[in-house]
Structures are given as structure tokens and as C-alpha cells.
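Colleague: I would like to learn how to read a few features of a structure. Could you take me through them one at a time?

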Amino acid sequence: MKTKAMLIDITKCIGCRACEQACKEVHHFPAEHEPVLSATALTVVEERGDKFVRRLCMHCEDPACASVCPVGALKKTAAGPVTYDAKKCFGCRYCMLACPYSVPRYEWSKLAPHVKKCDMCAERVAAGGVTACAEACPVGATIFGDREALLAEAQKRILANPAYVNKIYGAEEVGGASVFFLSDVPFEKLGFVKAPQTTPLPALSASALGEVPTVVMVGGSLLAGLYWFTQRRQQVMAAEATEKEHNVPRFRDRERS
């Protein structure tokens, strides 16, 4: 199976929130609209001026959430979705800290809580279907298909219409994703995270961790030196106190002689 993805064209969205409701129905969540992502709202449509902007998991190509999970509860599938296995999760919530888009949510109100996020309808996709949100969109603002084909379609739209911002958000951010956005308004003005680099975050983490042995060796040497200096100072102070008590030559003077 080719890697799948979603293309969300903000210029086409009419704010009907059919995507929200379809997602809630598939996951058996309460139907009420929620303004922000939550454990029962895995995608939301935000109003940004006269624009409607969807928020959901970006399904990164090299997801930071999966890289920090110590038990492998999160993983990037070959089909595109980043999935979550609640049976493996023990609630460390490292994924919530690692996600550059602040997507994962936690079931704080439950006695046995789990992490919740969009899974790009992984079971439907595996069976050859499309995501519930794309299927429900009445105007084609969200479309689902092969990742490379959607990137080509997005680029085609940009070239054909100068009103679009010359950027496919999600194509390169932190290594790329499986969710893309098109807009005729700068993404920063719509609340999108401005990722400072195209390198996947796990790669940056690995680079930093590669320096750990050197840091440990140098730091260990410095700490050993500091320990020796502290111990030596305490010895000198103790000796001087003894000398004063017995009225004998100073310890430091004897050392010089």
C-alpha cells in the first residue's frame, strides 16, 4: 500500500464542522461541538477571522511522539497514520511534551486514563477506505489519497492560483507529515506552528544524545576535581583549627617550609 495522506484546503472550508461530527461518530464521542482539541474531540474547526482552520494530528513522517514513547505505544505505520496502542501505554505522557503541534490529549477525568489523538481512521484506511472526515466534507475542503499524489495536487493548485500562499504546510515541517494544508492567508496568522527546521525532531534528539558520553566524561572530571578541592579545603581548615587550639605553627606555614 502506498503511503496515504490528507490535503486540507482552507480556502474551500465553509465551517460546517461535518468533519468534527463524523470523527465523533466514528469514535463514539459526545456530539457536542468542542472549541479545542480534547480527549473527545480529535479534530476541531477553529474560526480565525473569516477563515475556518482544522486542527488534528499531523501524522509526522518521523513522529517525535513515537520516538519518546518508552513502550512503543505510538508508531508510524507504512500506510501513513501514526497509531496509538492503549494496551501498551502506562501514562508517562512524554508524547504530549514531545509533540511540536501540542496535539495529544489525556483522559484526566478517568481512573484508567489513556492518551487520545486522531489516528487518521487507521482501520478504515487499512481496509482500503478513506477517513471519516474526508468522506463527510460536502465541499471537498478535505481530501484523502496517496501522499505523493496529494503533494502534486497541492502544488498544481498553487501554480494555478496566485491567491494561494506559496507553501504546502506539512510538506517539510520537522521532516514532513501526512496532513497538508493550503491557504490564501499566511499560516502564522492562522495559528499554525512555525517549525524552525525541516529536520525531524527525533534526528535532533539523537544528535544531542550522541554528545552525552563526552558530556559525562568532561563533567565527571570537573566534578572529581571539585570534590578534591572541597575535601582539601576542609582538611586545611580542620588542621588550622587544631593548631590554634594547641598554639602550634600554622599548617600552611609548615607546608611552605
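Modeller: We will go through aromatic pairs, cysteines, a hairpin and a surface patch. Keep in mind that this is a predicted model.

Colleague: Let us start with the rings. How many aromatic pairs does the count come to?

Modeller: A pair of aromatic rings is described by the distance of the centres and the angle of the planes. Here the count comes to five aromatic pairs. One of them joins Tyr 169 and Phe 187, with 5.4 Å centre to centre and 40° between the planes, and this pair is tilted.

Colleague: Which parts does that pair tie together?

Modeller: Tyr 169 sits in the loop between helix 6 (147-160) and strand 9 (179-182), while Phe 187 belongs to the loop between strand 9 and helix 7 (201-210), so the contact links parts 18 residues apart in sequence. Both Tyr 169 and Phe 187 are buried. Phe 187 also pairs with Phe 192, this time edge-to-face, at 5.2 Å centre to centre and 80° between the planes. Phe 192 is buried as well. One aromatic cluster takes in Tyr 169, Phe 181, Phe 187 and Phe 192.

Colleague: Now the cysteines. How many disulfides does a search of the whole structure find?

Modeller: A disulfide is a covalent bond between the sulfur atoms of two cysteines. The search of the whole structure finds zero disulfides.

Colleague: Next, the strands. In which sense do strand 2 and strand 3 pair?

Modeller: Strand 2 (residues 44-48) and strand 3 (residues 51-55) are antiparallel, paired over five bridges. Glu 46 stands opposite Val 53 in strand 3. The two strands form a hairpin with two residues between them, and Gly 49 in the turn has a positive phi of about 70°.

Colleague: Last, the surface. Which residues make the nonpolar surface patch?

Modeller: Val 68, Tyr 94 and Leu 97 make it, and the patch covers about 320 Å². Leu 97 lies in helix 3 (residues 94-98). Leu 97 is exposed, with a relative accessible area of 74%.

Notes. Residues are numbered from 1 along each chain as its sequence is written. This is a predicted model: local features need pLDDT of at least 70, side-chain atom pairs count only at pLDDT 80 or more; totals for chains, interfaces and linings use all residues. Side-chain values use heavy atoms; hydrogens and water are left out. Patches are made of residues with over 30% relative accessible area and no salt bridge: like charges are joined within 9 Å, nonpolar side chains (Val, Leu, Ile, Met, Phe, Trp, Tyr) within 5 Å. Accessible areas come from the Shrake-Rupley method with a 1.4 Å probe; for residues, only the protein chains shown count as cover. A salt bridge is a side-chain nitrogen of Lys or Arg within 4 Å of a carboxyl oxygen of Asp or Glu. Helices (H or I, at least four residues) and strands (E, at least two) are DSSP runs, numbered from the N terminus. Buried means under 20% relative accessible area, exposed over 50%, partly exposed in between (1.4 Å probe, protein chains only). A disulfide is a pair of cysteine sulfur atoms within 2.5 Å. Two strands pair if DSSP finds at least two bridges between them. Rings of Phe, Tyr and Trp (its six-membered ring) pair if their centres lie within 6.5 Å; planes under 30 degrees apart count as stacked, over 60 as edge-to-face and the rest as tilted.
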